[in-house]
Amino acid sequence: MDLLTTISGSKPWKLLLLAAGMTLGASAEDVVLTTPGTLAAALGDADVNAIVTLSVEGPISNSDVKLLRQMAGRDEYNDATAGNLQHLDLSKARIVANANDGYYFKTYPKSNTTADDVVGSNMFRGLHLQTLLLPDEIVSVGQSAFMGAEIETLELPDGVTEIASDAFSECRNLTSVRIPASTLTIGGNAFAGCSALAAIALPGVTAVSDGMFSGCSELADVSLSENLTAIGANAFQNCGKLQHLTLPAQTASLGFWCFKGTSLATLTCKGLTPPVAQYGTFEGVDVNKCVVNVPKGCAEVYRAAQYW
């Protein structure tokens, strides 16, 4: 039986569960909320720790996020729980502000609370989720929002303008993430330690911040925005499979150790003048093997530039 053509309306991960011979029953739930803070009531007598797949529609806030964390393996203090939630669909949900209580308390004395249309700081930190669909209205991703989570793939909605520092750091199972053109700013170490991430495109990002991809040992394909102006310190440090990179014409500066630990073999520079380099920018790059391509007539300018 071809599940993809005969079971209409089922979500992709539910098809996977069926194909694997798993019973949907208690392991999958769909809930519709009209009021934030009512997820627990909507689930009723269901064994929340047995739910593997969950779809939530409607407004959610602190207590709902706290329960989702519990169901996905971590409580509000980031301690382990018995939860087994692996697939979460929030595409029809809406994160709404609530300044009371909180969903993550390990930042004591200040807990993390929900804000309108924001994936808040530490919101999915450490969770066992493998797949997640976010609401279309999301505008930003907070600090350490997914840090150490087991998420494998993620698409950020169009409209996300900012990703804070450490947002995806140490997500060791993350193989792909879609960054929309609306995203202009990504904080330091945002993807540091994402050791399974092989490729990424940054169509609108104006700077690769300090340590952004440090330790991304599988990263081999990086597409930078034509509006990129800077690459920060340690940005690609220990990206051992990175062999080729193109710097857009507006790139003005390169940070300390930004290419250390790469296998850089080809660096294509579109600018008529070289970006300002720092002592150690090309530390570890084999100058006898790395080919630097520059615009016609600009070779001498690059050769004369300090630290090139």
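Visitor: Is tyrosine 307 exposed, partly exposed or buried?
Guide: In this predicted model, tyrosine 307 has a relative accessibility of 39%. Buried means under 20% and exposed over 50%. Because its value falls in between, tyrosine 307 counts as partly exposed.

Visitor: How does tyrosine 279 count, buried or exposed?
Guide: The relative accessibility of tyrosine 279 is 61%. The cut-off for the exposed class is over 50%, so tyrosine 279 counts as exposed.

Visitor: What kind of pair do the rings of tyrosine 279 and tyrosine 307 form?
Guide: A pair of aromatic rings is described by the distance of the centres and the angle of the planes. For tyrosine 279 and tyrosine 307, the centres are 6.2 Å apart and the planes are at 75°. Planes over 60 degrees apart fall in one class, so this pair is edge-to-face.

Visitor: How many residues apart in sequence are the parts that this pair ties together?
Guide: Tyrosine 279 belongs to the loop between strand 18 (276–277) and strand 19 (291–293). Tyrosine 307 is in the segment after helix 5, so the parts tied together are separated in sequence by 28 residues.

Visitor: Which residues do ring pairs link into a cluster?
Guide: The structure has twelve aromatic pairs. Ring pairs join one set of residues into a cluster. Its members are Phe124, Phe146, Phe168, Phe191, Phe213, Phe236, Phe259, Phe282, Tyr302 and Trp308.

Visitor: How many residues does the largest nonpolar core have?
Guide: In soluble globular proteins, nonpolar side chains tend to be buried together. Here, Phe124, Phe168, Phe191, Phe213, Ile231 and Phe236 have the most contacts inside the largest nonpolar core. Elements giving two or more residues to this core include helix 3 (39–43), strand 2 (53–60) and helix 4 (62–71). The size of the core is 79 residues.

Visitor: Which residues does phenylalanine 168 touch?
Guide: Phenylalanine 168 is among the residues with the most contacts inside the largest core. Leaving aside residues up to four places away in sequence, its contacts are Phe146, Leu154, Leu156, Ile163, Leu174, Ala190, Phe191 and Cys194.

Visitor: Which element gives the largest share of the lining of the largest cavity?
Guide: A search of the whole structure finds one cavity of 30 Å³ or more, and the space in the largest cavity is about 30 Å³. Its lining consists of Ile60, Val65, Leu68, Arg69, Leu90, Met123, Phe124 and Leu127. By class, seven of these are nonpolar, none polar and one charged. The largest share, three residues, comes from helix 4.

Visitor: Which residues lie closest to the centre of the second largest pocket?
Guide: The second largest pocket holds about 340 Å³ of space. Its lining divides into twelve nonpolar residues, no polar and one charged, and helix 5 (residues 299–304) gives the largest share, three residues. Of the 13 lining residues, the closest to the centre are Cys290, Val292, Tyr302, Arg303 and Trp308.

Visitor: What is the phi of glutamate 170?
Guide: Glutamate 170 lies in the loop between strand 8 (162–163) and strand 9 (176–178), and at 31% relative accessibility it counts as partly exposed. Although glutamate 170 is not a glycine, its phi is positive, at about 65°.

Visitor: What is the phi of asparagine 189?
Guide: Asparagine 189 is placed in the loop between strand 10 (185–186) and strand 11, and it counts as partly exposed at 32% relative accessibility. Asparagine 189, also not a glycine, has a positive phi of about 60°.

Conventions
Residues are numbered from 1 along each chain as its sequence is written. This is a predicted model: local features need pLDDT of at least 70, side-chain atom pairs count only at pLDDT 80 or more; totals for chains, interfaces and linings use all residues. Side-chain values use heavy atoms; hydrogens and water are left out. A nonpolar core is a set of buried Ala, Val, Leu, Ile, Met, Phe, Trp, Tyr and Cys residues joined through side-chain atoms within 4.5 Å. Buried means under 20% relative accessible area, exposed over 50%, partly exposed in between (1.4 Å probe, protein chains only). Helices (H or I, at least four residues) and strands (E, at least two) are DSSP runs, numbered from the N terminus. Contact means heavy atoms within 4.5 Å. On a 1 Å grid over the protein atoms alone, a cavity is a set of points where a 1.4 Å probe fits but cannot get out, and a pocket is an open set with protein on both sides within 12 Å along at least five of seven lines; lining residues have an atom within 4 Å of a point. Grid points are joined across faces, edges and corners, and a volume is the space filled by probe spheres set on the points. Ala, Val, Leu, Ile, Met, Phe, Trp, Tyr, Cys and Pro count as nonpolar, Asp, Glu, Lys and Arg as charged, and the others, Gly among them, as polar. Rings of Phe, Tyr and Trp (its six-membered ring) pair if their centres lie within 6.5 Å; planes under 30 degrees apart count as stacked, over 60 as edge-to-face and the rest as tilted.
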